[in-house]
Amino acid sequence: VVSTQSREAVVSTQSTGGIRHGELERAKTQLKSTLLMNLEYRNIVLEDIGRQVVASGHRKSAAQLCAMIDAVTPQQLQEIVERMLRNRPSVGAFGDLKHVPSFEEIEEAFGRENGELTNRISHFLLRGARAAGSKTGLVKH
């Protein structure tokens, strides 16, 4: 998971990579579908109203939110990814933490041209630790 996230973030900033129109449209459709499906549940609608009113002083309709999602451009996402990559990553983990790649390794992956973790064993073991569901913990920056 870490390797995939770092690789996708880094590759999306490269001139040969970038965020493809089809990928962006699929992501927009998925986000709008999730939003609209969640608004079918009264408790989620009430929570949404409360959160929006507290955060912004008013509530946007589902149509307004969908229009905002539709307005997102590849260039905007590109700017956000580039800004995120200029900062150190935040890392959270659970399970047996001895199998989690070190923070330094994760940070280096985000700095590499290909975004790859160098220690593939750590990546493999991280997935295994999650499946085992052992004791919890947190790695943070």
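Reader: Are α2 and α4 roughly parallel or roughly antiparallel to each other?

Author: Two packed helices are described by the angle between their axes and the distance between the axes. In this predicted model, the axes of α2 (residues 21-38) and α4 (residues 62-70) come within 10 Å and cross at roughly 165 degrees. Axes are lines fitted to C-alpha atoms, for helices over the stretch in contact, with angles from 0 to 180 degrees between N-to-C directions. Angles under 35 degrees count as roughly parallel, over 145 as roughly antiparallel, 65 to 115 as roughly perpendicular and the rest as oblique. The helices α2 and α4 are therefore roughly antiparallel.

Reader: Which residues of α2 and α4 make the contact?

Author: Contact means heavy atoms within 4.5 Å. From α2 come K28, L31, K32, L35 and L36, and from α4 come A62, L65, C66, I69 and D70. These residues divide into 7 nonpolar, no polar and 3 charged. Here Ala, Val, Leu, Ile, Met, Phe, Trp, Tyr, Cys and Pro count as nonpolar, Asp, Glu, Lys and Arg as charged, and the others, Gly among them, as polar.

Reader: How many helices and strands does the chain have?

Author: Helices (H or I, at least four residues) and strands (E, at least two) are DSSP runs, numbered from the N terminus. The chain has 7 helices and 0 strands. Among contacts with a separation of 6 or more, 69% join residues 24 or more positions apart.

Reader: Is Q52 buried or exposed?

Author: Buried means under 20% relative accessible area, exposed over 50%, and partly exposed in between (1.4 Å probe, protein chains only). Q52, in helix α3 (residues 42-56), has a relative accessible area of 13% and is therefore buried. Apart from its neighbours within four places in sequence, Q52 is in contact with G57, H58, R59, K60 and L65. Of the 141 residues of the chain, 27% count as buried.

Reader: Where is V91 found, and where is E23 found?

Author: V91 is in the loop between α5 (74-85) and α6 (103-111). Because its relative accessibility is 12%, V91 counts as buried. The C-alpha atoms of V91 and E107 are separated by 9.5 Å, the two residues being 16 apart along the chain. E23 belongs to helix α2 and is partly exposed, at 35% relative accessible area. E23 and P74, 51 residues apart in sequence, are 9.8 Å apart in space, C-alpha to C-alpha.

Reader: On what basis are these values to be read?

Author: Residues are numbered from 1 along each chain as its sequence is written, and side-chain values use heavy atoms, with hydrogens and water left out. As this is a predicted model, local features need pLDDT of at least 70 and side-chain atom pairs count only at pLDDT 80 or more, while totals for chains, interfaces and linings use all residues.
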